[in-house]
Amino acid sequence: MHTPRSRRAVAVGALLVGLLAVLVPMGSASADASSTGRKLGCSYEKHAEDEIHIKGCLRDERENPPAPVPGVSVTVTDSAGEVIGEDETDETGVFDIAVPGDPVSALGKEFTVQIDEETLPEGAALRDPDQVELTIMFSTTSDQSVIFPIGDPLAGSSGKGLQAVQLFVGGLVFSSLLAMAALGLSMIFGTTGLTNFAHGELITFGALTAFAVDRLPGDISLGGANVTVIVAVVAAFAVSAAFGWLNDAALWRPLRRRGTGIIAMMIVSIGLSLFLRNLYQYLAGAQSQNYSQYAAVQPWEVGPLLITPKEVVVFVLAMSVLVAATSVLRFTRIGKATRAVADNPALSSATGINVERVINFVWIGGAALAGLAGALLGLTQGFDYQIGFKLLLLVFAAVVLGGLGTIWGAIVGAFVIGIFTELTTVFVPAEFKFVGALLVMIVVLLIRPQGMLGRSQRVG
Amino acid sequence: MDISSLIGFSLQQAFGPTAILLCLAAIGLNVHFGYTGLLNFGQAGFMMVAGYSIGGAVTIFSSSLWIGLVVGLLLCVVLALLLGVPTLRLRADYLAIVTIAAAEMIRQTIGAAAFSDTFGGQDGITDFIAGFRATNPFDDRKGIPGVVSWSAYDFWVMCVGWALVALCCLVVWLLMRSPWGRVLKSIREDEDAVRSLGKNVYSYKMQALIIGGVIGGLAGVVTALRSAAVGPSFFATDITFFAYTCLLIGGAARVLGPVVGAIIFWFLINFFGAFFSQATGGPDPLIPTWIMDSNQASLTRFIIVGLGLMLLMIFRPQGIFGDRRELALDAR
């Protein structure tokens with residue numbers, strides 16, 4: 001006879017095994033890809049230490065192995081439009097342009113790398129014809145490399161329609177991560193009434209925990225496959241859960257006992273956010289980081305679309321976790337108790353529900369979801385110490401759009417916001433995508449303050 | 001370690017232009033949060049609007065700083081209306097979320113590369129301050145000899161800035177002892193009770209949001225004067241949080257609370273900054289480098305600020321001068 005608890009343990013175990021089964025072959029696949037990269041001999045010459053270079057190597061990806069593309073002129077201009085260097089790719093397809101001045105002075109400056117399409121050999125073209133120039137920014141004092149994929153132009157890739165579909169796919173992946181973070185925030189709000197401005201730091205915590213595990217000396221392998229990053233992500237989930245418990249037990253529960261008002265608690269959460277964010281930077285530095293595996297994986301071509309296996313795995317994993325989390329909320333005893341507390345804490349307390357235990361459960365679950373979202377986000381796009389803080393406003397937008405405190409609202413809102421932010425880049429520059437999402441949130445507050453799925457009760 | 005130079009430097013900063021702008025921002029927040037109970041987390045947005053108006057008036061429209069000042073403050077009124085209309089009828093946390101979001105929207109839009117021809121992108125606007133510089137009556141360093149001194153320009157900014165602070169404090173004092181101010185305070189205490197007395201709570205909140213926002217705009221003006229430049233990095237979300245810390249150190253709902261709070265806050269920030277930088281610098285640092293290097297030294301003070309803000313709100317929400325009963329706020 002299975003108790004509900006042991007059944008849940010079995011389900012979690014099955015999920016982890018499934019995750020391993022999917023990710024392990026992927027790890028070896030990406031190892032192959034990187035070794036082919038080395039075989040091509042994309043080697044750059046060494047240069048003096050106090051110089052900083054922009055470099056890259058052009059490869060015709062229609063050939064197998066990809067063939068170098070020589071004789072293409074590449075120009076680098078700075079943000080004022082001044083040309084600072086020109087080069088022509090040599091017979092190995094490599095170009096290498098030095099940035100004048102010492103490396104520190106280049107920090108934070110933007111440079112535009114442009115390739116001259118006229119000099120491409122007959123029949124070769126950029127895969128993305130719109131991408132004749134790339135803008136890069138130096139965030140570290142090390143060399144920057146740029147990639148211009150050359151091959152058959154993607155069929156109809158100039159069309160807005162296909163671009164939108166491609167962005168939609170990216171938006172789905174991002175949304176599933178946003179939904180995990182939003183669900184945690186919404187549950188915490190629902191049960192305690194606290195709008196947690198330090199929720200972004202829970203997201204960063206996950207990314208950094210995974211990074212710390214990843215950086216432990218030596219690789220973790222299982223059956224011959226290197227599973228360091230997989231273990232790191234699982235560890236991020238578990239340690240974040242513990243961090244959520246610590247948050248509640250050390251800070252929020254004592255505050256509730258003292259009868260601290262909600263507004264005072266919001267300001268405390270601002271202080272916590274400031275504290276943790278600077279502590280993260282203290283411990284991890286300000287530079288953008290990537291995990292040791294899966295940083296660059298070969299995309300699959302599904303019809304005209306480019307999808308990386310990494311994205312698929314992250315999406316499937318995130319969706320399974322979301323389904324698991326919502327199932328727990330729907331069907332288990334503690335889940336039902338959680339919804340009861342979110343509905344009316346006093347009444348559920350009177351019916352014998354242990355409200356403090358429910359709140360503790362919500363903090364553990366919410367932080368674990370946020371931490372997992374952070375680790376997976378770090379996996380898909382890299383991370384730095386303020387990844388969560390930057391995401392926080394989008395999480396708010398998602399939660400407000402769906403209805404503060406609702407479970408389904410947070411998830412639906414996250415998908416609307418996540419896909420919307422990606423799709424708007426078809427029409428407006430990418431730098432405005434957050435602005436659009438926040439604008440949506442404000443408009444929703446004007447016309448439907450309770451959010452899409454909130455009940456139309458008085459929220460004022 | 002040179003304690004007297006540490007204190008001298010911190011004192012110079014504590015009364016300098018940056019303390020003034022934090023002080024003005026905190027006075028604005030005092031009207032919002034201290035007196036009315038509105039949780040505005042987007043004071044940086046008001047500052048940015050006014051700061052860029054000052055800069056933009058000269059560089060974009062080749063007009064004068066005065067026009068920029070007037071336009072900037074008018075834009076702050078417009079911003080307050082835009083923020084208030086959707087949120088002031090809702091619970092307090094909606095205003096908090098919308099203001100923090102709006103401030104970030106403004107920052108990302110103005111700092112965007114697409115508008116860099118107009119607003120200078122991430123570099124911001126410079127070269128607009130000549131008119132103000134020309135009015136500077138001082139021509140050498142001022143201060144108390146041997147203790148603190150400021151450059152002639154900084155001293156002129158300080159004169160203007162502290163005059164603005166005094167003016168704002170006077171306005172806040174007069175407003176809050178008027179019947180209008182008493183309505184604000186009673187809205188903070190119990191909104192429903194005020195509504196039942198026939199007052200239009202929404203309208204009062206809106207007026208408070210506008211007045212506090214305009215004072216926040218003045219903080220943006222001082223920012224522009226201080227640096228002789230405006231850029232997106234000056235108006236990050238953290239500046240709002242620092243202003244809250246100032247307000248809570250001094251005591252919310254007290255006219256002079258933000259003033260004292262800002263001086264103490266900025267003194268401590270600079271003291272810790274200089275202390276840790278000295279303690280980690282040099283060939284034989286006081287704190288070994290495996291604990292803290294010089295990059296980490298500059299972060300330590302912000303870790304302390306975060307911790308301080310939490311502890312302050314938990315253990316002494318009334319700050320130095322406040323009255324604890326006045327700040328027994330709840331989510332209204």
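These legends describe close-up views of a predicted model.

**View 1. Chain A in outline.**
Chain A holds 13 helices and 15 strands. It has 460 residues, and buried ones make up 42% of them. Take the contacts in chain A between residues at least 6 apart in sequence: 74% of these join residues at least 24 apart.

**View 2. The side of chain B that touches chain A.**
Here 40 residues of chain B are in contact with 37 residues of chain A. Four helices of chain B each give two or more residues to this side: H4 (65-87), H5 (92-110), H12 (237-250) and H14 (294-315). H5(B) supplies the largest share, 12 residues. By class, this side of chain B has 29 nonpolar residues, 5 polar and 6 charged.

**View 3. Helices H3 and H11 of chain A.**
H3(A) spans residues 160-192, and H11(A) spans residues 387-402. The two helices pack with their axes 9 Å apart, at an angle of about 70°. That angle falls within 65 to 115 degrees, so H3(A) is roughly perpendicular to H11(A). The crossing is right-handed. On the H3(A) side, the contact is made by Leu178(A), Ala181(A), Ala182(A), Leu185(A) and Ser186(A). H11(A) contributes Leu391(A), Leu394(A), Val395(A), Ala398(A) and Val399(A). The residues of this contact divide into 9 nonpolar and 1 polar, with no charged residue.

**View 4. An open sheet in chain A.**
This sheet has 3 strands in the order S6-S1-S10, with mixed pairing. Strands S6 (94-99) and S10 (144-145) of chain A are the edge strands, and each pairs on one side only. S1(A) covers residues 52-57. S1(A) and S10(A) pair in the parallel sense over 2 bridges. Lys55(A) has Ser145(A) in S10(A) as its bridge partner.

S7(A) runs over residues 110-115. Its covered face consists of Phe111(A), Val113(A) and Ile115(A). Its uncovered face consists of Glu110(A), Thr112(A) and Gln114(A). S7(A) pairs with strand S4 (residues 73-78) of chain A in the antiparallel sense, over 5 bridges. In that pairing, Val74(A) stands opposite Ile115(A) of S7(A). S7(A) is also joined to strand S9 (residues 133-137) of chain A by 5 bridges, and these two strands run antiparallel. Val113(A) has Leu134(A) of S9(A) as its bridge partner. Ile115(A) and Val113(A), named in these two pairings, belong to the covered face of S7(A).

**View 5. Ser62 of chain B.**
Ser62(B) sits in the loop between helix H3 (43-59) and H4 of chain B. Its phi is near 35°, a positive value in a residue other than glycine. Ser62(B) has 8 other C-beta atoms within 10 Å. The cut-off for exposed is 12 or fewer, so Ser62(B) is exposed.

**View 6. Ala253 of chain B.**
Ala253(B) lies in the loop between H12 and helix H13 (257-280) of chain B. Although not a glycine, Ala253(B) has a positive phi of about 65°. There are 24 C-beta neighbours inside 10 Å of Ala253(B). Buried requires 20 or more, so Ala253(B) counts as buried.

Definitions and conventions:
Residues numbered from 1 in each chain as written. Chains lettered and ligands numbered in written order. Predicted model: local features only at pLDDT ≥ 70, side-chain atom pairs only at ≥ 80, totals over all residues. Contact = placed C-beta atoms within 7 Å. Nonpolar A, V, L, I, M, F, W, Y, C, P; charged D, E, K, R; others polar. Pairing = 2+ DSSP bridges. Axes fitted to C-alpha atoms, helices over the stretch in contact; angles between N-to-C directions. Parallel < 35°, antiparallel > 145°, perpendicular 65-115°, else oblique. Left-handed = near helix turned anticlockwise from the far one by under 90°.
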